[in-house]
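Please look through the sequence and the model below before reading the report.

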Number of protein chains: 2
Amino acid sequence: MNTLSYGLLSLLSKDSRTGYELMQHIQPFWPAKHSQIYPLLAQLEQKGYVEFVHVVQSDKPDKKVYSLTEAGLKALQEWIGLPTDPPVTRDEFALKIYCIGLVNKEEALKMLVERASYYKGKKERFMESFEKVKGQSEKPLEELEFHDPMFANYVLVKKAMLKVDADLHWCEWMRSKLKS
Amino acid sequence: MNTLSYGLLSLLSKDSRTGYELMQHIQPFWPAKHSQIYPLLAQLEQKGYVEFVHVVQSDKPDKKVYSLTEAGLKALQEWIGLPTDPPVTRDEFALKIYCIGLVNKEEALKMLVERASYYKGKKERFMESFEKVKGQSEKPLEELEFHDPMFANYVLVKKAMLKVDADLHWCEWMRSKLKS
DNA sequence: AGTTGCATGTAAGAGGTTACATGATTTC
DNA sequence: GAAATCATGTAACCTCTTACATGCAACT
């Protein structure tokens, strides 16, 4: 049982989902390809932590909808209590910035503009998620209680927004540095 | 040539360093163990991108001090111009927050306090780095020019600080949410 | 006396990406 | 007509971690 496996259980604790959907929704927290997820789901099923039903579709390919079992829920709860690994980030851009003096200012500025627009796109998508969460919640988001199923969605979008804002802020600050 | 290999060249473009030192200094941008770095250095040497001198020490183990060659510099400059991969973060804590409603408020609060103190420690270390950079620079940091060798150190510590501040801010905001 | 830091390296195994394979429907 | 979306799966390959191996000096 690796972290990604527990991550899949975590998502399944809220909704039954297909492997494809799990792959899409786990990206913000733990990027993974379908080729990694499908074998893990088979393992989780063998362990009795998840179960699935075949759903036949006419317009789209047939699918397997997975759900969490009682044993899976138990395993998930135990994992939450275990020590948590610190987040790991690998940032190629930062490595390039380290030796940015090797290129001219114009090229450096071009790189920063590109990176800033990447973060702007990311921010827009988070803002859409935020609006989506707002739409799905009955209460105003600030009033959501700990046990509300929407609580986690709200606080995690908030987390993502704070981070992307910090990244964007740094990009803009860098751009002003390079223009002068 | 993978990203880590270019990262090593990037560090070597500023100072000649041992594999051990490279391992220590690349952590903030691209975490890696010595067991990954030593073989890559051997590869880089075979490609002619780096060279090393044996340095015999009496009190400590002997070491190999690597430096960038002309060919290495050229490879490094070409890499900077290539498209840059987006940063990748894997965050076990976020996966746990997603299903945090499975445990009680007290346990959740405990987890957040722990995570906040982790970020506080990180912030302190970044503030030390900041002071170190300040001490090594003749000019006030805000006046550092693009081509100053200290410029990259300054802007990268700034980047790290903005990010850790965002993380800490989220932790504290979460704590206030859970106390009410 | 035991741990940490310096310093290098290899081997085995786990984790993750890319490519191959299939196939219908919808959008540009 | 080409690309993207849905949907599953396997195989080969690359990346990364853990463990093994050695040894001295400094600190607790």
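## Basis of the model

The structure is a predicted model, and the contacts described here should be read with that in mind.

## Helix H7 of chain A against helix H7 of chain B

Two packed helices are described by the angle between their axes and the distance between the axes. Helix H7 of chain A, residues 151-179, and helix H7 of chain B, also residues 151-179, have axes that come within 10 Å and cross at roughly 155 degrees. Because angles over 145 degrees count as roughly antiparallel, H7(A) is roughly antiparallel to H7(B).

The crossing in which H7(A) passes H7(B) is right-handed. Sorted by residue class, the contact of H7(A) with H7(B) comprises 18 nonpolar, two polar and ten charged residues.

Over all chains, the structure holds 16 salt bridges. One of them joins the side chains of A:Lys120 and A:Glu172, with an N to O distance of 3.8 Å. This pair links distant parts of the chain, since A:Lys120 belongs to helix H6 of chain A (residues 105-136) and A:Glu172 to helix H7 of chain A, 52 residues apart. A:Lys120 counts as partly exposed at 39% relative accessibility, and A:Glu172 is likewise partly exposed, with a relative accessible area of 32%.

A salt bridge is also formed by A:Asp165 and A:Lys123, whose closest N and O atoms are 2.7 Å apart. Here again distant parts of the chain are linked, with A:Asp165 in helix H7 of chain A and A:Lys123 in helix H6 of chain A, 42 residues apart.

In chain B, the side chains of B:Asp15 and B:Arg17 meet in a salt bridge with an N to O distance of 3.6 Å. The two partners fall into separate accessibility classes: B:Asp15, with a relative accessible area of 36%, is partly exposed, whereas B:Arg17 has a relative accessible area of 13% and is therefore buried, the cut-off for buried being under 20%.

Salt bridges in chain A that share partners join A:Lys120, A:Glu172 and A:Arg175 into one network.

Conventions: Residues numbered from 1 in each chain as written. Chains lettered and ligands numbered in written order. Predicted model: local features only at pLDDT ≥ 70, side-chain atom pairs only at ≥ 80, totals over all residues. Heavy atoms only, no water. Axes fitted to C-alpha atoms, helices over the stretch in contact; angles between N-to-C directions. Helix = DSSP H or I, 4+ residues; strand = E, 2+ residues; numbered from the N terminus. Parallel < 35°, antiparallel > 145°, perpendicular 65-115°, else oblique. Left-handed = near helix turned anticlockwise from the far one by under 90°. Nonpolar A, V, L, I, M, F, W, Y, C, P; charged D, E, K, R; others polar. Salt bridge = Lys/Arg side-chain N within 4 Å of Asp/Glu carboxyl O. Buried < 20%, exposed > 50% of the residue type's maximum accessible area, 1.4 Å probe, protein only.
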